Amino acid sequence: MEQLDFFEVPNPCKGICQVNNKGYCKGCFRSRDERVHWYALTNEQKRNVVRLCHQRYLRILRAKRKQAQDAALDAEPLPYQPSLFDDLNDDSSS
């Protein structure tokens with residue numbers, strides 16, 4: 001059964017309109033074809049594009065978080081952790 005569409009799917013454009021290195025808009029995460037043909041798409045196709053944009057956004061967000069965590073681990077020296085056997089070596093030499 002086909003779902004009735006009472007409302008148009010809103011255009012996800014954020015007005016940033018710059019392309020990243022993979023060809024997706026940095027604002028709405030749509031490809032060039034998705035942006036150019038937006039008004040020719042059916043509401044079902046538009047919902048699918050919005051779903052794909054959300055997935056792209058989450059993928060980029062996860063990559064940025066991982067990159068930040070890796071940078072923090074590289075920049076932050078590990079705290080000194082004493083050996084479990086330091087006390088044993090000190091007692092045996094006395």
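**Figure 1. Lys-46 is found in helix H2, which covers residues 43-75.** Helices are DSSP runs (H or I, at least four residues), as strands are (E, at least two), numbered from the N terminus. The model is a predicted one, in which local features need pLDDT of at least 70 and side-chain atom pairs count only at pLDDT 80 or more, while totals for chains, interfaces and linings use all residues. Residues are numbered from 1 along each chain as its sequence is written, and side-chain values use heavy atoms, with hydrogens and water left out. Lys-46 is buried, its relative accessible area being 4%; the term applies under 20%, whereas exposed applies over 50% and partly exposed in between (1.4 Å probe, protein chains only). Setting aside neighbours within four places in sequence, Lys-46 is in contact with Glu-8, Val-9, Trp-38 and Leu-41, contact being heavy atoms within 4.5 Å.

**Figure 2. Trp-38 belongs to the largest nonpolar core.** This core has five residues in all: Val-9, Phe-29, Trp-38, Val-49 and Cys-53. Such a core is a set of buried Ala, Val, Leu, Ile, Met, Phe, Trp, Tyr and Cys residues joined through side-chain atoms within 4.5 Å. In soluble globular proteins, nonpolar side chains tend to be buried together. When residues up to four places away in sequence are not counted, Trp-38 touches Val-9, Pro-10, Asn-11 and Pro-12, and also Arg-30, Lys-46, Val-49 and Val-50.

**Figure 3. Phe-29 is a core residue with a positive phi.** Phe-29 lies in the segment before H1. Its phi is about 65 degrees, although the residue is not a glycine. Phe-29 counts as buried because its relative accessible area is 12%. Cys-17 also has a positive phi, near 50 degrees, and is likewise a residue other than glycine. Cys-17 too is placed in the segment before H1, but its relative accessibility of 56% makes it exposed.

Figure 4. Lys-14 is exposed, with 60% relative accessible area, whereas Gly-27, at 11% relative accessibility, is buried. Under the corresponding exclusion, Gly-27 is in contact with Lys-14 and Ile-16. The C-alpha atoms of Lys-14 and Phe-29 are separated by 9.7 Å, the two residues being 15 apart along the chain. Gly-27 and Cys-53 are 26 residues apart in sequence, and their C-alpha atoms are 9.9 Å apart in space.

**Figure 5. Asn-20 is one of the residues closest to the centre of the largest pocket.** The space in the largest pocket is about 280 Å³. Its lining has 13 residues, and those closest to its centre are Asn-20, Phe-29, Arg-56, Arg-59 and Ile-60. A pocket is an open set of points on a 1 Å grid where a 1.4 Å probe fits, with protein on both sides within 12 Å along at least five of seven lines; lining residues have an atom within 4 Å of a point. The lining divides into six nonpolar, two polar and five charged residues; Asp, Glu, Lys and Arg count as charged, the residues of the core list and Pro as nonpolar, and the others as polar. Asn-20 lies in the segment before H1 and is buried at 19% relative accessible area. Leaving aside neighbours within four places in sequence, Asn-20 is in contact with Lys-26 and Ile-60. The C-alpha atoms of Asn-20 and Ser-31, 11 residues apart along the chain, are separated by 10.0 Å.

**Figure 6. The protein chain has three helices and zero strands.** From the N terminus on, its elements follow the order α-α-α. Of the 94 residues of the chain, 17% count as buried. Among contacts between residues at least 6 apart in sequence, 40% join residues at least 24 apart. The chain exposes about 8,400 Å², of which carbon and sulfur atoms supply 55%; this area comes from the Shrake-Rupley method with a 1.4 Å probe.

Conventions. Grid points are joined across faces, edges and corners, and a volume is the space filled by probe spheres set on the points.
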